[in-house]
Amino acid sequence: MKNLLKDIAPVTLMGPGPSCVHPSVLEALSKPTLGHLDPEFIRIMDAIKDQLKTLLHTDNELTIPISGTGSAGMECCFVNLIEKDDPVLILVNGVFGMRMQDVATRLGAQVDTLEFDWGTPVIVDVVQKKLKEKSYKLVAVVHAETSTGVQNPVPGIGNLLKDSDTLFLVDAVTSFGGVEIRMDEWGIDVLYSGTQKCLSCPPGLSPVSFSPAAAAALQARKTKVPNWYLDLSLIMNYWEGATRAYHHTAPVNMLYGLFQALFLILEEGETRVYERHMENHRRLVLALDNQGIHMVVDASCRLPMLNAVYIPDGVDDAAVRSRLLKTHKIEIGAGLGNFAGKIWRIGLMGHTARSKNVDKLAASLKTVC
Ligand SMILES: *Cc1c(COP(=O)(O)O)cnc(C)c1O
């Protein structure tokens, strides 16, 4: 049998994820596999918890990576906190808000949604009005809506919930590592992310963090968490305490990768990393504008790491993306849902956010459009 791995050539990943993996992260993945209860490995686990707490700006003890991609983190947060008939409000302005609605509904929550136009942000005043009408156990929003390129006003929504018993859940899959997140200051109780967007790491892990209030809600459940694999009350016994108990075998080498990815951000400097995303975003907007390719989202709420652009009139969406990939080894993303066939999604996430990638894409688009 032919070894299919031999033919893999690097692709510049400029879509909505996965993004380019830093070479030192790939190297970290190939370190010798240790036992999942080896004291040396447990030291690495503890260091990862500290790195996550530092970068999320939180004191939450329950801050750990879940085995699985970003969606596993989403599932984990909902499944640990929701019981049948719990009133939940989901703010929806794209695909990932819709996915949260689906996950919460499957768990038997009483789900209300507030919907906002795709390509525009959640409006805080509208949320405030809704919260005056009804009280919720949990309010959820996507920080960086990868399907549209919009950054939602997380601090503003958090402000509305600060003195309430309502838990505030934030999807930070695409935002973490690309824009600042101040979990405690912004009143976020529950957060999940993923390794494959702005952390320059392959897909496979999902950092989650629960505030003391969220951890208390988990303790106060009347029923068992209905999913064994993602039950944090069991997983905690592996990630905390003097003696660690086996739950499931940790994806050891993926955790090396995450350690290295977070190490890189701390080494470069958190602020510098966010600036690099912003600078390359500006460079891309300018370059594309000169070619008549324009942004979907207003500058006031644009994401630096996910650039939604209108496909120019008369241009064949699929043909251009396929030529970019075949001829130039660059991947960009198609539009999803309402935006299918209308937009492209250009990612500048993590290691991808470099000027040489922006320049290469702009030059290549010129030849294939
Ligand atoms: C990518 C993404 C997810 C899902 O992550 P997977 O790694 O694909 O499971 C969830 N939310 C947002 C905002 C995302 O961009």
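**Ligand shell and selected buried residues**

The structure is a predicted model, in which local features require pLDDT of at least 70 and side-chain atom pairs count only at pLDDT 80 or more, whereas totals for chains, interfaces and linings use all residues. Residues are numbered from 1 along each chain as its sequence is written, and side-chain values rest on heavy atoms, with hydrogens and water left out.

Arg244 is placed in the loop between helix H8 (232-239) and H9, helices (H or I, at least four residues) and strands (E, at least two) being DSSP runs numbered from the N terminus. The side chain of Arg244 makes a polar contact with the side chain of Asp46 at 3.0 Å, and a polar atom of the Arg244 side chain lies 3.4 Å from the backbone oxygen of Tyr238. A polar contact is a pair of N or O atoms within 3.5 Å; within protein, one must be able to donate a hydrogen and the other to accept it, and residues adjacent in sequence count only if both atoms are side-chain atoms. When neighbours within four places in sequence are left aside, Arg244 is in contact (heavy atoms within 4.5 Å) with Leu37, Ile42, Met45, Asp46, Asn237, Tyr238 and Trp239.

Helix H9 (residues 252-268) contains Leu262, which is buried at a relative accessible area of 0%. Residues up to four places away in sequence not being counted, Leu262 touches Ile48, Gln51, Leu52, Leu55, Phe176 and Leu199.

Around the ligand there are 13 residues, of which Thr69, Ser71, Thr146, Gln196 and Lys197 come nearest; a residue is near a molecule or strand if one of its heavy atoms lies within 4 Å of it. Helix H3 (70-81) and helix H4 (95-106) each supply at least two residues of this shell. By class, the shell comprises four nonpolar, six polar and three charged residues, with Ala, Val, Leu, Ile, Met, Phe, Trp, Tyr, Cys and Pro counted as nonpolar, Asp, Glu, Lys and Arg as charged, and the others, Gly among them, as polar. An oxygen atom of the ligand is 3.0 Å from a polar backbone atom of Gly70, and an oxygen atom of the ligand is 2.7 Å from an N or O atom in the side chain of Lys197. On its own the ligand has 380 Å² of accessible area, and the protein covers 90% of this.

The side chain of Thr174 makes a polar contact with that of Thr146 at 2.7 Å, and, with neighbours within four places in sequence left aside, Thr174 is in contact with Ala144, Thr146, Lys197, Cys198, Met305 and Met349. Although Thr174 and Pro16 are 158 residues apart along the chain, their C-alpha atoms are separated by 8.5 Å.

With a disulfide taken as a pair of cysteine sulfur atoms within 2.5 Å, the count comes to zero disulfides. Cys201 is in no disulfide, the nearest cysteine sulfur, that of Cys198, being 12 Å away. Cys201 is buried at a relative accessible area of 0%, whereas Cys369, at 46% relative accessibility, counts as partly exposed.

Conventions
Buried means under 20% relative accessible area, exposed over 50%, partly exposed in between (1.4 Å probe, protein chains only). Accessible areas come from the Shrake-Rupley method with a 1.4 Å probe; for residues, only the protein chains shown count as cover.
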